[in-house]
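Q: I am new to this structure. Please show me how to read it, one feature at a time.

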Amino acid sequence: MIGRRMLAAVLVATTFLTGGAFAHEGSKKPKKPTAAAAELKSARNKLDAAKKKLASQGKYSCCLKKSCDICARRNGSCNCAANVAAGKGACGECQAGWLAGRGAMKGVDPQAVKLLDSSHQGMRHGAGPTETANSLNEALGELTAAKKTLVKEGRFACCIKGGCDECAFETDCPCGSDLAQGKGVCGSCADGWHAGDGMFPGLALSEIHIAPMSDSMHDGMAMGMSSGTSQQPEAAFVESETSNIAPMSMLMGRTSRAGGWDWMLAANVFVVGTAQSGPRGGDGVFSANWVMPMFGRKLGRGYLTLRPMFSFEPATVRNG
């Protein structure tokens, strides 16, 4: 229990983490919620269910801890794991995942994973049974409708035909504008360009590179939500298709200035009322709570993370 005489307990931790920026280079996340939220949620659930079904049929063998979506969309199957094992390469979304530290295969150097676009990642026999194919098509139909809404809202400017799925689920795609400025794009867009789906004429593949979108900030900050004496399961931070544990939620964004700070905000507030009868009992209402603002930015070849943590329990948890 935090000391009751303190107004707030403060813990500041400073860590250096390797990796690049958390989001697209210099992009500013939209603050308003999107009208496509319901469609995106439904599409996410249906797509995960379809991929899980395909995996059970031996038709979705991805190389990431959270399997890619682009192979489902293009092929109705995924053979990235076998192709990575054979040294042929992974789809663009998987390659970006490897660079972000989400590779699921031991003994593989993330930097050595080449890009073999999703048009080469399909298995024979496609999506299998009609019911699985129908479920997949429903998911992709809702995702397409959601992308149209995101375009109308001015928050989806993609550089490939059909639009990338990764950025759609993030409700923000600056890939087109980033590419026009010579910046990197998401893994799905890099894959699309290699598969011949690029929308900018006269642009060479050598000019397409994946933006440094490492999860190091997310992982480092999320791990700060655990106390020093507890361990959180990986599924709490990297959601998987087979896990029943929901990922931790938090607000996040990036300051608008170039080279600015990434930020996250996480908090918990519990209000408890207790009524205990008897000579040793007592009644009371109290609140257990904490708030953790987190800030990070690139610093040289590493990443600087600041995590102050506050609690108002000295004021909300009284003696007795």
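**Reading the model**

A: Helices (H or I, at least four residues) and strands (E, at least two) are DSSP runs, numbered from the N terminus. This is a predicted model, in which local features need pLDDT of at least 70, side-chain atom pairs count only at pLDDT 80 or more, and totals for chains, interfaces and linings use all residues. Residues are numbered from 1 along each chain as its sequence is written, and side-chain values use heavy atoms, with hydrogens and water left out.

Q: What is the mean pLDDT of the chain?

A: pLDDT is the predictor's confidence in each residue, from 0 to 100. Here the chain has a mean of 78. Of its residues, 73% reach 70 or more.

Q: Where is confidence lowest, and where is it highest?

A: Where pLDDT is low, the predicted coordinates should not be read in detail. In this chain the lowest mean is 28, in strand S1 (residues 11-18). The highest is 96, in helix H3 (residues 80-85). Two stretches call for care. Over residues 1-23, pLDDT stays under 50. Over residues 234-247, pLDDT also stays under 50. Contact means heavy atoms within 4.5 Å. Beyond four places in sequence, the model has 74 contacts for residues 1-23 and 26 for residues 234-247.

Q: How many helices and strands does the chain have?

A: The secondary structure comes to 10 helices and five strands. Contacts show how the chain is joined up. Among those between residues at least 6 apart in sequence, 63% join residues at least 24 apart.

Q: What share of the residues is buried?

A: Buried means under 20% relative accessible area, exposed over 50%, partly exposed in between (1.4 Å probe, protein chains only). Of the 320 residues in the chain, 42% are buried. Accessible areas come from the Shrake-Rupley method with a 1.4 Å probe; for residues, only the protein chains shown count as cover. The chain exposes about 16900 Å², and carbon and sulfur atoms supply 55% of that area.

Q: Which residues of H8 are buried?

A: Seven of the eight residues in H8 are buried. They are Gly187, Ser188, Cys189, Ala190, Asp191, Gly192 and Trp193. Their cover includes H2, H4, H6 and helix H7 (175-180).

Q: What covers the buried residues of H4?

A: The cover includes helix H2 (70-75), H3, helix H6 (165-169) and helix H8 (187-194). In H4, seven of eight residues are buried. Among them are Glu93, Cys94 and Trp98. Just after H4, Gly101 has a positive phi of about 85°.

Q: Is Gln121 buried or exposed?

A: Gln121 counts as buried, because its relative accessibility is 0%. It sits in the loop between helix H4 (92-99) and helix H5 (130-152). Leaving aside neighbours within four places in sequence, Gln121 contacts residues including Cys71, Asn75, Cys78, Asn83 and Leu116. A polar contact is a pair of N or O atoms within 3.5 Å; within protein, one must be able to donate a hydrogen and the other to accept it, and residues adjacent in sequence count only if both atoms are side-chain atoms. For Gln121, a polar side-chain atom lies 3.2 Å from the backbone oxygen of Gly89.

Q: How many disulfides are found in the whole structure?

A: A disulfide is a pair of cysteine sulfur atoms within 2.5 Å. The search finds zero. Cys63 is in no disulfide; its nearest cysteine sulfur, that of Cys94, is 3.7 Å away. Cys63 is buried, at a relative accessible area of 0%. Cys78 is in no disulfide either; the sulfur of Cys80 is the nearest, 3.6 Å away. Cys78 is buried, also with a relative accessible area of 0%.

Q: In which sense do S3 and S4 pair?

A: Two strands pair if DSSP finds at least two bridges between them. Strand S3 (residues 262-275) and strand S4 (residues 283-299) pair in the antiparallel sense, over 14 bridges. Leu265 stands opposite Pro293 in S4. S4 and strand S5 (residues 302-309) also run antiparallel, joined by five bridges. There, Gly296 has Thr305 in S5 as its bridge partner. S5 is mostly covered, with six of its eight residues buried.
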